[in-house]
Amino acid sequence: MLRNITIALCFLVLACKGNSQENESAKVIQKKSEKEFPITKTEAEWKNQLTDMQFYVLRKEATENPFTSELLDNKEEGIYVCAACDTELFRSETKFDSGTGWPSFYKEIEGNVGYDVDYKIGYKRTEEHCATCGGHLGHVFEDGPAPTGERHCINGAALKFIPSK
């Protein structure tokens, strides 16, 4: 009896989803493994170009620890670009404080960010990657502010900031 109750509780917990995952993303999703990127390099070339943390996040799809990015509290005007290939990804005017510990934006620069499905933590999430080099950026959720309602939760290690002149 206890075994049946335990199994039922496990199914109930695993079936629960947060509000940010309930709606299907309107983003066009194409698996990274099925896409060829304009910039491709060997693992050794990426390791040589990137810091250890950048390599770990961008090429191994890792997540940096929350509240560790120097870009988290950046309030300057400018553009956030891919740390691997300098593709423009987000504008500073779309950045907001989500309270999550990672730089967050409510809108990407269209065409420069690609999307894939990620089940790494047991449920479906929309993973974001650089459309030019395929580097992992973070995830997009549907619990952000107006006007888009999106929260692009991005690893600071995946970004470089270029201030406006």
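Reader: What share of the 165 residues in the protein chain is buried?
Author: Buried residues make up 44%. Buried means under 20% relative accessible area with a 1.4 Å probe, counting protein chains only. This is a predicted model, where local features need pLDDT of at least 70, side-chain atom pairs count only at pLDDT 80 or more, and totals for chains, interfaces and linings use all residues. Residues are numbered from 1 along each chain as its sequence is written, and side-chain values use heavy atoms, leaving out hydrogens and water.

Reader: How many helices and strands does the chain have?
Author: Four helices and nine strands. These are DSSP runs numbered from the N terminus: helices (H or I) of at least four residues, strands (E) of at least two.

Reader: Which residues touch the most other members of the largest nonpolar core?
Author: Leu-58, Cys-82, Leu-89, Phe-90 and Leu-159, out of 25 residues. Helix H4 gives the most to this core, three residues. A nonpolar core is a set of buried Ala, Val, Leu, Ile, Met, Phe, Trp, Tyr and Cys residues joined through side-chain atoms within 4.5 Å.

Reader: What does Leu-89 touch?
Author: Leaving out residues up to four places away in sequence, its partners include Tyr-80, Ile-109, Cys-130 and Leu-159. Contact means heavy atoms within 4.5 Å.

Reader: New topic, strand E8. Which way do its residues point?
Author: Arg-151 and Cys-153 point one way, His-152 and Ile-154 the other, and all are buried.

Definitions and conventions
Buried < 20%, exposed > 50% of the residue type's maximum accessible area, 1.4 Å probe, protein only.
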